[in-house]
Amino acid sequence: MTAVPLPRPSSQSSDDHSDASGEVTPVFALKELVARLHREQHKIQDLLSSLGFALRSFNNLNQFLELIPLMATRVTDADGSALVLLKQNGQVRLEQLHCQGNLRGADIRKAIETATNKLRETSLKTSPQTPAVLAQFDRKETSTQERGLAILDEQVTQYLGPDIHLFGTAILIKQVERGRLYVFSRDPEYTWTETRQKLVRLVADQTGVAIANDELTVELRKKERLDRELEIGAEIQQRLLPRQCPKIPGIELAARCQPANRVGGDYYDFIPTSPHHQGSFDKDEQRETEAQKQKKLPTQESLVSNQESPDGRWAIVIGDVMGKGVPAGLLMTMTRGMLRAEVLNGHSPSRILQHLNQVMYADLENSHRFVTLFYSEYNLQTRILYYSNAAHNPPFLWQASTRSVKRLDTLGMLIGLDANSQYEEGQVQLALGDTLIYYTDGFTEAANDRGERFDEENLLRAFERACQHCQGSQTILDYLFEQVQQFIGPGNRNGDDMTLVVMQIVPPANS
């Protein structure tokens with residue numbers, strides 16, 4: 001810092017402060033310089049303390065911004081200061097203004113407003129920017145927005161006139177200029193020393209920090225609201241999936257849906273084909289849920305109900321909506337409602353898929369998504385499984401008599417691909433000990449750290465081992481999930497929803 005020549009001391013202290021020739025002594029000049037440094041240091045400390053207190057104390061950003069021009073004016077011994085910020089739409093607005101002494105705030109406000117209006121009318125490509133004007137400001141121009149602010153600097157200088165000394169520095173948020181902090185003085189002897197410029201930059205930097213913190217707080221609140229909405233959506237979706245497997249004479253069921261996100265697009269269901277039976281099953285689910293709340297029954301993981309459903313046909317369904325997250329979850333919910341309504345009409349599996357496709361086609365086409373679905377109906381008296389496939393992964397059937405596995409598949413297009421799609425139908429005779437698994441592609445597409453996929457062959461081999469060595473559908477289900485988890489690696493999470501339903505033919509309870 002360069003020392004400024006001091007005024008001549010009074011005659012009363014000339015003996016202490018000047019030599020015989022009347023010149024200021026070096027010792028006195030040094031003392032004055034040290035005192036000035038102390039004053040500057042205290043001023044910076046007071047500034048930092050005030051800014052820190054304001055940042056900690058003010059929950060409202062506007063309260064903090066009101067202090068900025070006043071603080072910038074005082075720490076630089078200037079006559080006034082103005083804070084100009086950019087709106088989100090790119091327009092410039094005068095945020096706060098502070099003036100004192102013989103500097104009229106109305107003139108400053110008018111000059112800035114005139115400059116902003118001129119900025120809107122001026123083309124950025126043709127506007128002149130003279131070095132004499134740009135030298136008054138602290139910037140590096142790298143974007144259209146920054147060039148626009150440079151034009152604002154030029155226009156403010158032009159409309160204020162040569163009698164006002166002006167210095168401006170950028171308000172930076174994440175390295176992007178979001179506004180200007182201007183400081184003014186009418187004193188003809190006023191100069192923008194390096195110290196004053198640093199103080200203005202310091203105030204501007206703290207302003208940027210306050211604005212950035214406020215924006216982060218707003219984003220955090222939005223994220224918290226979104227997280228809560230996702231939690232509600234996930235809870236609703238989990239309630240739409242069966243909260244238990246029905247206990248049906250002659251078959252044993254186990255199922256699990258493991259979404260990649262809180263809301264997923266996988267779907268499975270157990271639907272009594274009779275309206276009377278369906279209502280009975282829904283009541284059983286409700287009673288089971290109330291009992292779980294009172295901790296009288298096992299949780300959903302056990303998937304066991306103490307209520308037996310009447311004899312007849314039961315639909316076992318599994319599906320997958322293309323995609324993940326909330327959109328897929330919404331379509332899954334729509335699919336469930338429409339399918340349950342269609343099942344009550346008593347049509348064959350192929351006709352049910354055909355009608356479902358026709359009803360859902362328009363909505364799926366608008367959403368640019370599709371649904372794969374495998375629909376089957378099991379007759380408890382004949383042990384015949386009727387099924388139809390809409391391009392879903394074919395279930396595997398372990399036949400105990402031959403100790404071999406076969407795929408259950410029929411031709412059929414995705415739900416929502418073509419409004420006139422036709423679906424074929426198949427049937428298979430089941431026997432005691434036979435086991436089926438219905439699964440979604442999250443199983444076969446699960447990948448490990450090397451990028452290798454679990455694929456159908458690995459699932460088939462694991463299923464064969466499970467049927468040979470595991471007892472019960474729940475044990476088989478747990479084993480298959482463990483095999484996939486070991487494949488992708490401990491602690492890793494699959495990137496897609498995984499759903500598995502295991503159905504095993506067992507002797508009826510009363511036999």
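## A buried helix residue

Val 75 sits in helix H3, residues 61-75. Helices here are DSSP runs (H or I) of at least four residues, strands (E) of at least two, numbered from the N terminus. Val 75 is buried, at 8% relative accessible area. Buried means under 20% (1.4 Å probe, protein chains only). Between Val 75 and Leu 199 lie 7.0 Å in space, C-alpha to C-alpha, although they are 124 residues apart in sequence.

The model is predicted: local features need pLDDT of at least 70, side-chain atom pairs count only at pLDDT 80 or more, and totals for chains, interfaces and linings use all residues. Residues are numbered from 1 along each chain as its sequence is written, and side-chain values use heavy atoms, leaving out hydrogens and water.

## The sheet

Five strands form an open sheet with antiparallel pairing, in the order E7-E8-E9-E10-E13. Strands E7 (266-272) and E13 (426-429) are at the edges; each has a single partner strand, so one side of each lacks a neighbour in the sheet. Pairing requires at least two DSSP bridges between two strands.

E7 and E8 (residues 313-321) run antiparallel, joined by 7 bridges. Ile 271 stands opposite Ala 315 in E8.

## The cores

A nonpolar core is a set of buried Ala, Val, Leu, Ile, Met, Phe, Trp, Tyr and Cys residues joined through side-chain atoms within 4.5 Å. The largest has 47 residues, and Leu 339 and Met 503 have the most contacts inside it. E8 gives the largest share of this core, 6 residues.

A second, separate core holds 25 residues, including Leu 459 and Leu 480.

Conventions
Buried < 20%, exposed > 50% of the residue type's maximum accessible area, 1.4 Å probe, protein only.
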